[in-house]
Amino acid sequence: MSQTEIDSLTGLPLLHSLYGRIAENIENGHPVGFIFFDIMQFRLVIRNYGRQVADSILARFGEIVRTRLPQICRGMDVLAVPEREDDRFVLLLLSSPRYLSVLNDITVRKTAQRVHKFFNSIISELATEFKVNAGLEFHCGHSLIPADKGVSIERLVREAQREAYLKGELDEVMITFVSNVTHELRTPLTCIKGYTENLLDGAIENKELAYKWLGIISEEANRLERLINDLLDISMIEAQQVEFQREEVDLVRLVRHTIEVLSVNAEKEQITIDFSYPPQLPELMLDSDRISQVVFNLIDNAIKYSPPHSQIKVSILQPSPSLVRVDVSDHGPGIPPNKIQHIFERFYRANRGGGVYGRGLGLAIAKCIAEAHGGTISVESTLGEGSTFSLTLPLNGSSLS
Ligand code: ADP
């Protein structure tokens, strides 16, 4: 491989002098450790201080890394691959036949920790040197790839880059998730604490008030319990720890029953629900409680987001001999196109403040259940006109995905 080709593969030339050695290790089937670093807030530097300052910081960073990294990686062959797109990722590939016996998850993790410390100290020194106040800091992830004989370094780099991106995104999802959970837990907890303290401070003597407040405490405790159960539910389904009790299900009956249960809510708003289904439908092998949960969520949402006096259409269709679909259409506000891809994420709420209470977990659970049945859940929506949610299930128990 020529120098230009290496450059085009690795972006900026950081440590590609070791390219040949690593390529050889990989060709010989040695495992490869990869560590990726993501400079947090780097975009802020580009935006607030300009591209030139950002480039100078990266160039200086590259120089320091080139001279000191091999020592920090203690004799490993190291290839550093800066990501050119937005200059935020640095990917390290570690390999060495000499260290074969010690290249394992633990050594990769320890190396990652050492390099992480080193990178953070350089970047904070550079921030001071360039008078950049942007909270520059590296996030780090690592893993060990058991290299197959004959796999090319190009493929490994690409796979590692893809995985690094995914991990980076996952980290962000995780951070948002934890902050959402904390928020959702804190709200009822604060309420429970406040009312309990007031009761202990003497309000318990006022029987009427005490009953009222104990009622609120009990409601908030129930809310906490529901939240915890929902979260546990998602995690268990995702971890495939939930056993689905598949049985022959009459889908028309199941949907009709759900509509009946929810009709009280619809009637309150004078919303009518129209239900249509094909004259004949084969029985499906489903976990009926779980699929009821999905259908319930879709119809419940349709009612929640529909204006009074409007109509909801629920239809069962058989788009092909091997598929069955439940469509739930409403004339609600619709979902903005830029938000539609997020609504199946945990805690995501597209129209907060629209006066509708929700935790943004129903669709996330519905998606998990649909996928665990080999099915899918999707939505089509036009802003100001309404939305159609579709649950599609395979008839023969195979998977659609
Ligand atoms: P929740 O309704 O409890 O907030 P869901 O997970 O069921 O949680 O829904 C996530 C988000 O998707 C909702 O907050 C809402 O913004 C949007 N959404 C769901 N169903 C509809 C619908 N029928 N019409 C408009 N928006 C909807």
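## Packing of H8 and H9

H8 and H9 are oblique to each other, a class that holds the angles left over when those under 35 degrees count as roughly parallel, those over 145 as roughly antiparallel and those from 65 to 115 as roughly perpendicular. The axes of helix H8 (residues 251-268) and H9 come within 9 Å and cross at roughly 40°, where axes are lines fitted to C-alpha atoms, for helices over the stretch in contact, and angles run from 0 to 180 degrees between N-to-C directions. The crossing of these two helices is right-handed; a crossing is right-handed if the near helix is turned clockwise from the far one by less than a right angle, and left-handed if anticlockwise. On the H8 side the contact (heavy atoms within 4.5 Å) includes Leu251, Leu254, Val255 and Ile259, and on the H9 side it includes Ile291, Val295, Phe296 and Asp300. By class, the contact of H8 with H9 has 12 nonpolar, 4 polar and 1 charged residues, with Ala, Val, Leu, Ile, Met, Phe, Trp, Tyr, Cys and Pro counted as nonpolar, Asp, Glu, Lys and Arg as charged, and the others, Gly among them, as polar.

This is a predicted model, in which local features need pLDDT of at least 70 and side-chain atom pairs count only at pLDDT 80 or more, while totals for chains, interfaces and linings use all residues. Residues are numbered from 1 along each chain as its sequence is written, and side-chain values use heavy atoms, with hydrogens and water left out. Helices (H or I, at least four residues) and strands (E, at least two) are DSSP runs numbered from the N terminus.

The contact of H9 with H11 has 7 nonpolar, 4 polar and 1 charged residues.

For helix H3 (residues 42-49) and helix H4 (residues 51-72), the axes come within 6 Å and cross at roughly 135°, which makes H3 oblique to H4. Phe42, Val45, Ile46 and Tyr49 of H3 meet Arg51, Val53, Ala54, Ile57 and Leu58 of H4, and these residues divide into 8 nonpolar, no polar and 1 charged.

## The largest pocket

The largest pocket has a volume of about 770 Å³ and is lined by 33 residues, of which Asn297, Asn301, Lys304, Gly362 and Leu363 lie nearest its centre. On a 1 Å grid over the protein atoms alone, a pocket is an open set of points where a 1.4 Å probe fits, with protein on both sides within 12 Å along at least five of seven lines, and lining residues have an atom within 4 Å of a point. Grid points are joined across faces, edges and corners, and a volume is the space filled by probe spheres set on the points.

H9 gives the largest share of the lining, 9 residues, and by class the lining has 15 nonpolar, 10 polar and 8 charged residues.

## Positive phi

Gln270, in the loop between H8 and strand S6 (272-276), has a positive phi near 55°. His309, which is not a glycine, has a positive phi of about 65° and lies in the loop between H9 and strand S8 (311-320).
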